[in-house]
Amino acid sequence: MSVKDEVIKLIQDLPDNVTVEDILYRLYVRARIDEGLTELDAGKGLAHSEAMEHINKWLN
């Protein structure tokens, strides 16, 4: 499925009373998720245990 088709489906799945801001937000979130998945596929990112260590440091 092309990106265009995915965007069309994303919009079609939203309720009829959706606002332009709602659509833009959904597209933004989708773009950030895709970016993160691409980074993970490239070997970037942290293991879950490493991420939890960082979070624990931030919270303590």
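This report describes the fold, surface and charged pairs of a predicted model.

## Overall fold

The protein chain holds three helices and zero strands. Along the sequence, the order of elements reads α-α-α. The radius of gyration of the protein chain is 16 Å, well over the 10 Å that the globule rule gives for 60 residues, so the chain is more spread out than a compact globule.

Taken along the principal axes, the box filled by the C-alpha atoms of the protein chain is roughly 45 × 30 × 15 Å. Of the 60 residues, 5% count as buried. The accessible surface of the protein chain is about 5500 Å², and carbon and sulfur atoms account for 58% of that surface.

## Helix H2 and what follows

Helix H2 covers residues 20-41, which makes 22 residues. At 1.5 Å a residue, helix H2 should span 32 Å. Just after H2 comes glycine 43, where phi is positive, at about 90°.

Arginine 26 is one of the residues in helix H2. With a relative accessibility of 44%, arginine 26 counts as partly exposed. Arginine 26 and isoleucine 11 are 15 residues apart in sequence, and their C-alpha atoms are 8.7 Å apart in space. Arginine 32 also belongs to helix H2. Between arginine 32 and alanine 47 there are again 15 residues in sequence, with a C-alpha to C-alpha distance of 19 Å.

Side chains of opposite charge can pair when their charged atoms come close. Four salt bridges are found in a search of the whole structure. One of them joins the side chains of arginine 30 and glutamate 6, with an N to O distance of 2.3 Å. Arginine 30 sits in helix H2 and glutamate 6 in helix H1 (residues 3-12), so this pair ties together parts that are 24 residues apart in sequence.

Both partners are partly exposed, and the percentages show why. The relative accessible area of arginine 30 is 29%, and that of glutamate 6 is 25%. Each value falls between the 20% under which a residue is buried and the 50% over which a residue is exposed.

## Other charged pairs

Aspartate 13 and lysine 9 form another salt bridge through their side chains, at 2.8 Å from N to O. Aspartate 13 is exposed, at 54% relative accessibility, whereas lysine 9 is partly exposed, with a relative accessible area of 41%.

Arginine 32 is in a salt bridge with glutamate 35, and their closest N and O atoms are 2.8 Å apart. The side chains of arginine 32 and glutamate 35 also make a polar contact, at 2.8 Å. Both residues lie in helix H2, where a separation of three residues is about one turn of the helix. Arginine 32 has a relative accessible area of 39% and is partly exposed. Glutamate 35, at 38% relative accessibility, counts as partly exposed as well. Elsewhere, salt bridges with shared partners join Glu6, Arg30 and Asp34 into one network.

Helix H3 runs over residues 48-59 and includes tryptophan 58. Tryptophan 58 has a relative accessible area of 69%; this is over the 50% cut-off, so tryptophan 58 is exposed. Leucine 59 is also in helix H3. At 68% relative accessibility, leucine 59 is over that cut-off and therefore counts as exposed.

Trp58 and Leu59 belong to a nonpolar patch on the surface, together with Met52 and Ile55. The four named residues have about 470 Å² of accessible area together. Leucine 59 and isoleucine 33 are 26 residues apart in sequence, and from C-alpha to C-alpha the distance between them is 24 Å.

Terms used: Residues are numbered from 1 along each chain as its sequence is written. This is a predicted model: local features need pLDDT of at least 70, side-chain atom pairs count only at pLDDT 80 or more; totals for chains, interfaces and linings use all residues. Side-chain values use heavy atoms; hydrogens and water are left out. Helices (H or I, at least four residues) and strands (E, at least two) are DSSP runs, numbered from the N terminus. The expected span of a helix is 1.5 Å times one less than its number of residues. Patches are made of residues with over 30% relative accessible area and no salt bridge: like charges are joined within 9 Å, nonpolar side chains (Val, Leu, Ile, Met, Phe, Trp, Tyr) within 5 Å. Accessible areas come from the Shrake-Rupley method with a 1.4 Å probe; for residues, only the protein chains shown count as cover. Buried means under 20% relative accessible area, exposed over 50%, partly exposed in between (1.4 Å probe, protein chains only). The radius of gyration is taken over C-alpha atoms; the globule rule is 2.2 Å times the number of residues to the power 0.38. A polar contact is a pair of N or O atoms within 3.5 Å; within protein, one must be able to donate a hydrogen and the other to accept it, and residues adjacent in sequence count only if both atoms are side-chain atoms.
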